[in-house]
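Reader: Hi! Could you walk me through this one before I set anything up?
Author: Happy to, let's look at it together.

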Amino acid sequence: MVAPSASSDAGVAMYELPLLAGHTSSWAQAMNDAGDVVGLSLDENENGHLVRWGADGSLTPLQAIDGGSGGHAVKIVEDGTVAGFTDTPEGVRHAARWDASGVLTRLEEPSGYVDGEAQDINNSHVAVGHLSTDSHTRPVRWGADGRATELRLPPQADGGSAVGINEWGEIAGYVFVPGEKTRAVRWDIWGRVHDLGSLGGSRSNPTAINDRGTVIGEATDEAEAWQGVRASFGRKFKALPSQGIGARSVSINNADVVVGNVKDHAVRWDGDDTTELQVLRGTGRVFVKGINDAGTSVGTSDEFAVTWDAQGRVTALPLPAGVDRTQPTAINATGSVAGNVGSSRSWPVRWRAAIWR
């Protein structure tokens, strides 16, 4: 594959992140505003070990549970604390939190629960996610002390999961309601549950909640077609304007600017204004992954990592010779981008975690 013709930010460089001894690949999963990255370092058999890469280039293994390895990191907050889940040798997932030195805290599973996952965490170290038994799944909030509190369910609901929490402690998630597959809800700081509505279909799923309390996600309409949706604080889901069939909103910043994907193109919503994100010359499709509070978005144009400014103008991120596959995962407040790079010359692709800054 030949790199497309495009402008590139001359002030940005790409750096590969180091591997654990004897490992051959890696995968970045999340980044904080300080430039710390968390993800996996993988051995030649693709067995992954969770690690944290410091902004100074340091590499810290994250403790595993009961001799296991792998797992997933969903977020790293400003002091380097990580939330996610870790796997036992038998493959059972348990919600977990790690401090900046890699020490594991297993988040509480009250009696009767057998596994769980943390899906988000805020800077107060309050995490949210779900716990499961063999027959049901319940949305959960874990306090800074690691203690679990089951979140209240609306009438008729029989389970669900929390997927996002903001700095005020407001939570977004979904519940299972008879007659529907999923129903989006919000929990306020007092633990009360509020229905976010639907577009008339059987699914409504939140993606994120920002510090204004705005929730985004996707929902099916009466024809069961997906549409990107947004619910301002105290309101219910409404379809985002001027979108095509199959839209999914994926990220929102604290200025209420939303980005999402519609088939092979991507869009940016600022209030009722919709901006299509540009494609690199020589490529055919774009996919947006996230947006920071400055309004810069990150994603791909075909297989190439790019950013977009507030006007939707595209800039290619620099790549070293031989790299023609990219998977950006996050952009932080300073504009640094974390992601993964590889080459189609080897198959399967051996990915390496990288940062552009």
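**Hairpins, charges and patches**

Author: Let's begin with a turn: strand 23 and strand 24 form a hairpin that has two residues between the strands, and Lys-263 in that turn has a positive phi of about 55°. Keep in mind that this is a predicted model.

Reader: Thanks! Is Lys-263 buried or exposed?

Author: Lys-263 counts as exposed, because its relative accessibility is 67% and the cut-off for exposed is over 50%. Lys-263 is not a glycine, despite the positive phi.

Reader: How many bridges hold strand 23 and strand 24 together, and which way do they run?

Author: Six bridges join strand 23 to strand 24, and the two run antiparallel. As one of the pairs, Val-257 has Asp-270 in strand 24 as its bridge partner.

Reader: And what about strand 22 and strand 23?

Author: Strand 22, residues 248-252, is joined to strand 23 by four bridges, again in an antiparallel arrangement. Ser-249 has Gly-260 in strand 23 as its bridge partner. Strand 22 and strand 23 also form a hairpin, with four residues between them, and Asp-256 in the turn has a positive phi of about 70°.

Reader: Why would you call strand 23 largely enclosed?

Author: Six of the six residues of strand 23 are buried, so the strand is largely enclosed by the rest of the structure. Val-257, Val-259 and Asn-261 point one way, Val-258, Gly-260 and Val-262 point the other way, and all are buried. As background, side chains in a regular strand alternate between the two faces of the sheet.

Reader: Nice. What about strand 20, how many of its residues are buried?

Author: Six of the six residues of strand 20, residues 226-231, are buried, so strand 20 is largely enclosed by the rest of the structure. On one side there are Trp-226, Gly-228 and Arg-230, on the other Gln-227, Val-229 and Ala-231, and both faces are covered.

Reader: Which strands does strand 20 pair with?

Author: Strand 19, residues 215-221, is joined to strand 20 by six bridges and runs antiparallel to it. There, Ala-219 has Gln-227 as its bridge partner. Strand 20 also pairs with strand 21, residues 238-239, in the antiparallel sense over two bridges, and Val-229 stands opposite Ala-239.

Reader: What do the turns of those hairpins look like in phi?

Author: The hairpin of strand 19 and strand 20 has four residues between the strands, and Glu-224 takes a positive phi near 65°. The hairpin of strand 20 and strand 21 has six residues between the strands, and Gly-234 in the turn has a positive phi of about 80°.

Reader: Switching topic: how many salt bridges are there?

Author: A search of the whole structure finds 16 salt bridges. One of them is between the side chains of Arg-52 and Asp-36, at 3.4 Å from N to O. That pair links distant parts of the chain, with Arg-52 in strand 4 and Asp-36 in the loop between strand 2 and strand 3, 16 residues apart.

Reader: Are Arg-52 and Asp-36 buried or exposed?

Author: Both Arg-52 and Asp-36 are buried.

Reader: Last topic, the surface. Which residues gather in a patch of negative charge?

Author: Asp-33, Glu-78, Asp-79, Asp-99, Glu-167 and Asp-293 gather in that surface patch. Asp-293 lies in the loop between strand 26 and strand 27, and is partly exposed with a relative accessible area of 48%.

Reader: And which residues make the nonpolar surface patch?

Author: Trp-168, Ile-189 and Trp-190 make a nonpolar surface patch of about 450 Å². Trp-168 is in the loop between strand 14 and strand 15, and counts as exposed at 63% relative accessibility.

Notes
Residues numbered from 1 in each chain as written. Heavy atoms only, no water. Patch = residues over 30% accessible without salt bridge, like charges linked within 9 Å, V, L, I, M, F, W, Y side chains within 5 Å. Areas by Shrake-Rupley, 256 points an atom, 1.4 Å probe, with all protein chains shown as cover. Salt bridge = Lys/Arg side-chain N within 4 Å of Asp/Glu carboxyl O. Lys, Arg positive; Asp, Glu negative; His and termini not counted. Charge placed at Lys NZ, Arg CZ, Asp CG, Glu CD. Buried < 20%, exposed > 50% of the residue type's maximum accessible area, 1.4 Å probe, protein only. Pairing = 2+ DSSP bridges.
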